[in-house]
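Okay, thanks everyone for coming. Let me put the model up on the screen and walk you through it.

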Amino acid sequence: MAKKPVITAKEAAAMIPEGATIMCGGFLACGQARAIVKELVASGKGGFTLIANDMARAVGPMGEEFYGIAELIHNNQVKRVIATHVGMTPEVGEKHTAGDLEVFLLPQGTLAECIRADGAGLGGVLTPTGVDTLVEDSPFCLGKQNINGKDYLLMAPIHADVALLGTYKCDESGNCWYKGTMRNFNTVMATAADLVIAETEYVVPVGEIEPENVHTPGICVDYIVEGEKK
Amino acid sequence: MDKSEIKGFIAKRCAKELKNGDVVNLGIGLPTMIPRYLPEGVELVIHAELGIVGAGANPKEGDANYMPYHVTDAGGAPASVAFDGSFADSASNFGLIRGGHVDACFLGALEVDMEGNLANWIIPGKKMPGMGGAMDLCTGAKKCIVCMEHTAKGNPKIFEKCRLPLTAARCVNKIITEMCVLEVTDKGLMMTEINPEFTVEDVKAATACPVLVADDLKSMI
């Protein structure tokens, strides 16, 4: 497999245009490409649509000021959010109430599966989650179907311009390995965007991650960024 | 009972629902107290939304497994995996939930009704939290058990029909409060156990829907 270019976080941020739709792996910023996000913040670009489980945290595990994409929200660089839970970032609700931010909420399993569907070439997802709830009014809900006597919602696939992965180890061919709970949405997001950038704590030689243990195949990754070691 | 005694009482009763090896997901707050009250010989497999199948105890700074940047729970706090547990990505992890591989989920409620509908994720017009994994859990877990104080500031939380937006429809199997245990049946809510500190009339007065009383009504204690 060809080696993937290793670039800086700043170079990665420069590839992301104003107004891009960006998938950000991470759950409360665990497993998030935080160095690239910092550079996006510094770039001042805006109008982004963010697709992520949540909008990360205003304070990091060791008291860091801003931890992940919460800073993009804080800096008014985001126009639309597609997420499952935004309760840890009150600014999302405040900006939404003020009319400055569109927010679309989906159940966690549904968001994961809609992204997976896009990356797996499926036309949608049929899930029992959300039947007879506000999810039926979501623009991502295409209708209801009854199969063998049970109701399911038909949910649309979700695609992005860019996916930013937060990995622990990435080898020179782009194969990724996630430590602990870092994996979360990263593995599905790696398959559902036009441009995929894997930020990693350690760039390692090919072979260090055994083929059986690769979580994201290198063919999904376009660029590698070496981030902060934690 | 004061507030913390009430929570402990409810958690203790919830623990009786579980048997050794059950895979359970515990919501925030009161449900996280349930493992303290497990009978001897009952060990659970804790399923966590963030992708831990078999979670361990929350580690403290200085512990060997304290990894606040790599292993966290759904509240962002450092978490751990049991020696025989595993990690999963979100799609696989929620596949386990929807696919019926979680035996029970315990969670609180803003409102619950006699049809087993549950509302616990949003109060329109108030702050915006999001449903997170709650809708999948209530829909997919084999048993959905609501554990909560029977009333909120004296006002009922159990209705004929929920008024708030639902988390999931017809999903609740059992409601456990400091007053009683209610089972959701085709006929409505059936009280199967009562806390002897209260009378059947007390329970009915605190519940905004009809309460059926089991022929063999038992004591919660």
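Which residue forms a salt bridge with B:Arg170? That would be A:Asp132, with the closest N and O atoms 2.8 Å apart. By salt bridge I mean a side-chain nitrogen of Lys or Arg within 4 Å of a carboxyl oxygen of Asp or Glu.

Quick housekeeping. This is a predicted model, so local features need pLDDT of at least 70 and side-chain atom pairs count only at pLDDT 80 or more, while totals for chains, interfaces and linings use all residues. Residues are numbered from 1 along each chain as its sequence is written, chains are lettered from A and ligands numbered from 1 in the order in which they are written, and side-chain values use heavy atoms, with hydrogens and water left out.

Back to the interface. Between chain A and chain B we count two salt bridges. Chain A puts 47 residues into the contact and chain B puts in 36, where contact means heavy atoms within 4.5 Å. About 3300 Å² is buried between the two chains, 65% of it from carbon and sulfur atoms; that's the accessible area (1.4 Å probe) the two parts lose on being put together, summed over both. A:Phe27, A:Gln108 and A:Thr181 supply 16% of what chain A buries against chain B, more than any other three residues.

Now the aromatics. There are four aromatic pairs over all chains. The cut-offs: ring centres of Phe, Tyr and Trp (its six-membered ring) within 6.5 Å, with planes under 30 degrees apart called stacked, over 60 edge-to-face, and the rest tilted. A:Tyr67 and B:Tyr69 have ring centres 6.1 Å apart and planes at 65°, so they're edge-to-face. A:Tyr67 is in strand β5 of chain A and B:Tyr69 in the loop between β3 and β4 of chain B, so this pair joins two chains. Strands here are DSSP runs (E, at least two residues), numbered from the N terminus. A:Tyr67 is buried at 4% relative accessible area, and B:Tyr69 is buried at 9%. Buried is under 20%, exposed over 50%, partly exposed in between (1.4 Å probe, protein chains only).

Then A:Phe104 and A:Phe140: centres 6.2 Å apart, planes at 90°, so edge-to-face. They sit 36 residues apart in the chain. A:Phe104 is partly exposed at 22%, whereas A:Phe140 is buried at 17%.

Last stop: A:Tyr168, A:Trp177 and A:Tyr202 make one aromatic cluster. The charged end of A:Lys179 sits over the A:Tyr168 ring, 4.9 Å from its centre (NZ of Lys or CZ of Arg within 6 Å of the centre and within 35 degrees of the ring normal). A:Lys229 lies over the face of A:Tyr202, at 5.2 Å from the ring centre.

Key
Helix = DSSP H or I, 4+ residues; strand = E, 2+ residues; numbered from the N terminus.
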